[in-house]
Amino acid sequence: MSHNAPAIEFRKVCKWFGDFQALAGVDLKIGKGERVVICGPSGSGKSTMVRCINQLEQHQKGDILLNGATVTGNSAHVRSIRRRVGMVFQQFNLYPHMTALQNCVIAQRLVARRQRHEAEDIARAYLERVKIADKADRYPHQLSGGQQQRVAIARALCMQSEAILFDEPTSALDPEMIREVLDVMVGLAQDGLTMVCVTHEMGFARQVADAVVFMDHGRIVEVAAPAEFFKEQKTQRARDFLAQILH
Amino acid sequence: MNQFTTFGIVETILSKLPWTLLLSLIAFVGGAFVAGLLTMFAILGGKIANVGVSVVISTVQSTPLLMLMFLCFFGLPLFQIEVSPLLAASAALVAFTAAYLTEAWRSALKAVHAGQWEAALSSGMRHDHVLLAIILPQAVRIAIPPTVGFLVQVVKATSLASIVGFMEITRVGTVLNNITFRPFLIFAIIGALYMALNLPISLAARHLERRFNFNR
Ligand SMILES: Nc1ncnc2c1ncn2[C@@H]1O[C@H](COP(=O)(O)OP(=O)(O)OP(=O)(O)O)[C@@H](O)[C@H]1O
Ligand SMILES: [Mg+2]
């Protein structure tokens, strides 16, 4: 855990699904407090890349380091890594049999081993933070998509992890709900949370990202500050991609 | 010889109803217990355990229940195991029930969206905690209607115990028929009894199905 190691570092990471290579030598350094937006065409390996960080997918070659220490290892080690990295999913994945509050409490109890009242206080604080404290006792099916995703973000924040991974957090939302979720995420970015965010919301990237990563066919094709990236793309593939999503 | 009045017939049949109920209860409780163990074993025991359980299930399910009864009744004594008709019928029905419920419960666990596993695991939860706190409560809701619905099948299946000489309502019906030759009356009564047992169960199953469908 060297003092100035990047928060997250990819070293020549390769990942195959059977014969299909989903990641073909990914190299990337993400500093503490940095916000990185990952974009690229469907199937380019964005989700796979992010999911390797917390080992929801296992890479076969190369290494991923969290604060200088490898993320791979036995199940206890992987759990300790996951405890330090939160994740927000496209489909929210809230626990449907639990209220918003309980969704935020369960891992605090079972993983962080906090007392019930402490866990509930923390949960309420983060629900407040994502502006949904008044719905703490609602079940997921009683919430809109945008509200569910904000609860999911609060759930991740409750673990007070070192970084949070977002995999297309607004892609499953109706257009009118995208804003409320992005606003919450912008707030988090401004508070200095390390964020790795797969998204095609280029406005968000422009507003908060320190770097935009463009992926294609399992490789990182471009890495640049957003101002640079949006002004001039180095590759034709990135130009085509941007033209397509911005039409 | 033919000294049974209609009332006597009804009374004699009803006197054996507790045995049908007892056999149903043994089959269901015993089968559910075995199914619980098999399901946990299949889910937590890795790939080999999972395949092993599948093999056992499909063996039992591809054998007619009648054959299971015969195997238990005539087969177990070959291994020096004394079996009464009740024991043989119970063993066969437990196996029959356990096979079905294991299949139903295992698929209920698998029917819980993979995203639930991912969300819970990504927060650092242990595998067994995820299973107990996140997956199982959702699987139970999925599994309740088919489980209760299967109770109907179990109650009907107890009638096959008559074949190994167990004196439940179907068996007493065939015996009475041999004495009185009034098959229509006798089997109408017995059919009505099965219906009376099963109707509430079916209604309960349908109610539970609506009640636990919380995901819209
Ligand atoms: N579990 C899996 N088994 C087999 N192939 C997979 C699996 N998961 C992903 N892939 C393949 O790996 C490639 C990269 O997938 P990935 O989900 O990382 O892409 P993505 O960039 O996130 O795409 P999208 O924008 O559609 O989410 C795709 O071609 C996909 O089909
Ligand atoms: Mg993806």
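Me: How many residue pairs are in polar contact between chain A and chain B?
Reply: Five residue pairs, both residues at pLDDT 80 or more. A polar contact is a pair of N or O atoms within 3.5 Å; within protein, one must be able to donate a hydrogen and the other to accept it, and residues adjacent in sequence count only if both atoms are side-chain atoms. This is a predicted model: local features need pLDDT of at least 70, side-chain atom pairs count only at pLDDT 80 or more, and totals for chains, interfaces and linings use all residues, while side-chain values use heavy atoms, without hydrogens and water. Residues are numbered from 1 along each chain as its sequence is written, with chains lettered from A and ligands numbered from 1 in the order in which they are written.

Me: And how many salt bridges between chain A and chain B?
Reply: One. Glu118(B) and Arg51(A) form a salt bridge through their side chains, at 2.8 Å, N to O. The term means a side-chain nitrogen of Lys or Arg within 4 Å of a carboxyl oxygen of Asp or Glu.

Me: What area is buried between chain A and chain B?
Reply: About 1900 Å², with 62% from carbon and sulfur atoms. Buried area is the accessible area (1.4 Å probe) that two parts lose on being put together, summed over both.

Me: Which three residues supply more than any other three on chain A's side?
Reply: Tyr95(A), His97(A) and His141(A), which supply 29% of the area chain A buries against chain B.

Me: How many residues does the contact take from each chain?
Reply: Chain A gives 23 residues and chain B gives 21, where contact means heavy atoms within 4.5 Å.
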